[in-house]
Each structure stands twice: as structure tokens, then as C-alpha cells.
Amino acid sequence: MSNKRVLCIQDMSGIGRSSLTVISPVLSVKGIQCVPLPTTVLSTHFGGFGNVARQDLTQFCFDALNEYKRIGVDFDGVLSGFIASETQAQLVKQAFDYADAAVKICDPVMADNGKMYSSVTDSIAEGIKQICYESDVITPNTTEAAILLGKDCTKLVFEKAEIENTARQLKEKYNCSVVITGVKLENGDVVCCVAEKDTDGITFVECNYIPVHFPGTGDLFAATMTGCVLNGEKLEAAVEKACRFVEICVKNTWKGEKTDTRYGVDVEQNLRYLLD
């Protein structure tokens with residue numbers, strides 16, 4: 001096991017198994033220390049529980065980052081996800097600048113299923129784009145990929161050649177490796193599309209898609225992929241393992257219509273599958 005350290009800039013939901021609540025245990029199982037910078041603390045995620053108690057911690061995050069600079073903490077990776085303001089985007093950029101030698105991974109959380117999230121303003125979206133310019137790897141879904149390219153984002157089903165072109169355009173524009181997640185192809189397959197920065201090829205990783213939505217699965221994917229990359233695996237192999245782990249968690253949680261999906265997948269019961 002390694003003693004590597006990843007700075008994770010995300011919100012933290014008490015109930016719902018998403019963001020830092022699932023990222024931390026996944027990285028720990030991979031032998032990597034998760035150093036959380038909780039941008040916002042929430043009683044639950046925003047998906048179906050009604051009113052949410054919340055506390056913004058943006059200033060704390062800046063203060064904590066300054067303390068890490070003062071004591072000289074090194075980070076092997078920085079993983080950013082959902083941000084709630086343009087100021088938080090600046091926080092991520094400062095963290096990237098500080099941890100210049102780290103692997104910088106951005107999950108540009110801002111949209112899905114053909115539309116922008118209601119909480120994401122144009123200024124937040126622009127801030128996320130600026131983060132992507134400084135990232136080593138970005139992991140947009142198809143809606144986010146279109147937004148990052150300034151294109152119409154409403155399309156939901158794609159031809160393989162079309163998504164290959166999108167991945168290449170993202171790689172060229174943001175000068176980074178690209179993983180487009182949850183791509184629905186015209187033949188019914190669901191895949192992840194991988195375009196590595198320093199190679200010409202495009203790789204598709206098949207997903208054994210289960211037609212049910214759980215919150216936090218994108219966070220599980222990003223954390224698993226990050227852990228594998230930090231442990232020295234190639235990006236394609238890391239994406240493969242991330243897909244398989246998310247599938248296991250969904251399969252072992254979904255019990256049919258009686259399952260209350262708001263509570264997320266049973267991460268705790270499935271972490272053992274990450275042990276090499």
C-alpha cells in the first residue's frame with residue numbers, strides 16, 4: 001500500500017452517500033489518504049429529501065489551504081467535484097497551483113440528462129471550465145462535455161464516431177486526458193470514452209448498465225479512478241476498475257422498486273471489492 005495523499009475539494013452530505021462521504025472510504029481502501037476540504041456541509045444531498053440544512057465553508061477551505069502551505073504539506077493528487085460558487089472555483093485553482101506536481105483531476109459536476117443543474121450559474125460554469133484548463137484528467141458526462149465545448153447539450157444518444165470526436169476536441173481544447181462517462185450509444189450500449197493526453201487512440205470501456213439512478217455513483221467512479229491512477233495504473237485500466245466497482249455497488253444495492261435510491265449505494269458492504 002502507498003502513503004500517498006489526495007486533497008479532495010467537494011461538498012459533504014451527511015445522508016445520501018455522495019461526495020466526500022464516499023470518496024474518503026474508497027481512497028482509504030486504495031491505501032491513499034483523503035484530505036477533505038469540505039466546501040459545504042449538508043444534512044443530505046439535494047436529490048429528493050426536501051429542505052436541506054447547509055453550512056458554507058468556503059472561507060474555512062481557504063484558511064485550511066493556507067495552513068497546509070504554511071506547514072509544507074505535499075499532495076500527490078487533487079480531486080475536485082461539485083462547487084457551489086465562482087469563489088469555490090478560485091479555491092480549486094489555488095489548490096492546483098499549490099500542488100503543482102500533483103495529479104489534478106476534475107469532475108466537472110454541473111449538468112446531466114441534457115440540462116444544466118438549477119444551482120449552476122453561468123459564472124460557476126465558467127469557473128469549472130477554468131479548472132479544466134489546469135487539470136490533468138477531466139471526467140465529464142455527455143451533457144457536461146457538450147457544455148465544456150460550448151455546444152448544444154440536449155442530445156442524449158450518440159454514434160461512436162461522434163463521441164470520439166467530442167473526446168478529441170476536449171483533449172485538444174483543455175490539453176488534458178479526457179474520460180467521458182455514461183455515454184449512451186445508438187446500439188443500446190453504455191460506455192466510457194477514454195482519450196489520453198499523450199496518445200492518439202480513443203478507447204471505449206463498456207458498462208454493464210443497470211437502468212436505475214443512485215446519487216453518488218459519479219463520486220464513486222471518480223474516487224476509484226483516482227485511487228487506481230495514483231497507485232500507478234494506466235488511465236484505461238483505472239476507468240475499467242471504476243466502472244466495475246460502480247456496477248458491483250449498484251447491483252448489490254438494487255432490490256427492485258422497494259429500494260429507496262435516495263440513500264445511495266451500499267458502499268460499506270462492497271469496499272472489499274477494491275482490495276487488490
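A residue is called buried here when its relative accessible area is under 20%, exposed when over 50%, and partly exposed in between (1.4 Å probe, protein chains only). By that definition 12 of the 14 residues of helix H7 (residues 217–230) are buried, so H7 is largely enclosed by the rest of the structure. The model is predicted: local features need pLDDT of at least 70, side-chain atom pairs count only at pLDDT 80 or more, and totals for chains, interfaces and linings use all residues. Residues are numbered from 1 along each chain as its sequence is written, and side-chain values use heavy atoms, with hydrogens and water left out.

**Sheet**

- Helices (H or I, at least four residues) and strands (E, at least two) are DSSP runs, numbered from the N terminus; two strands pair if DSSP finds at least two bridges between them.
- An open sheet of nine strands has the order S3-S2-S1-S4-S5-S8-S9-S10-S11, with mixed pairing. Its edge strands are S3 (54–56) and S11 (202–207), each of which pairs on one side only.
- Strand S1 (residues 5–15) runs parallel to S2 and is joined to S2 by nine bridges, with Ile-9 opposite Leu-37 in S2.
- S1 also runs parallel to S4, through four bridges; Leu-7 has Val-78 in S4 as its bridge partner.
- Strands S4 (residues 77–80) and S5 (residues 103–106) are parallel and share four bridges, and Ser-80 stands opposite Cys-106 in S5.
- S5 and strand S8 (residues 137–138) are parallel, with two bridges between them. Here Ile-105 stands opposite Val-137, and Cys-106 stands opposite Ile-138.

**Crossovers**

- A crossover is right-handed if, with the strands pointing away from the viewer, the path from the first strand over the helix to the second runs clockwise.
- S1, helix H1 (residues 20–29) and S2 make one right-handed β-α-β unit.
- S4, helix H3 (residues 86–98) and S5 make a right-handed β-α-β unit as well.

**Helix H7**

- The expected span of a helix is 1.5 Å times one less than its number of residues. For the 14 residues of H7 this gives 20 Å, and the end C-alpha atoms are 20 Å apart, which agrees.
- The buried residues of H7 include Thr-217, Asp-219, Leu-220, Phe-221 and Leu-230.
- Just after H7, Gly-232 takes a positive phi of about 95°.

- Contact means heavy atoms within 4.5 Å.
- Thr-39 lies in strand S2 (residues 33–44) and counts as buried at 1% relative accessibility. Not counting residues up to four places away in sequence, Thr-39 touches Ile-9, Asp-11, Asp-56, Cys-61, Phe-82 and Leu-91, among others.
- Ser-18, in the loop between S1 and H1, is buried with a relative accessible area of 7%. Leaving aside neighbours within four places in sequence, Ser-18 is in contact with Ser-13, His-45, Gly-216 and Asp-219.

**Largest pocket**

- On a 1 Å grid over the protein atoms alone, a pocket is an open set of points where a 1.4 Å probe fits, with protein on both sides within 12 Å along at least five of seven lines; lining residues have an atom within 4 Å of a point.
- The largest pocket holds about 1,600 Å³ of space.
- Its lining has 49 residues, of which Asp-112, His-213, Phe-214, Thr-217 and Gly-218 lie nearest the centre.
- Elements that each supply at least two lining residues include S1, strand S9 (177–184), H7 and helix H8 (235–253).

Technical notes: Points joined across faces, edges and corners; volume = space filled by probe spheres on them.
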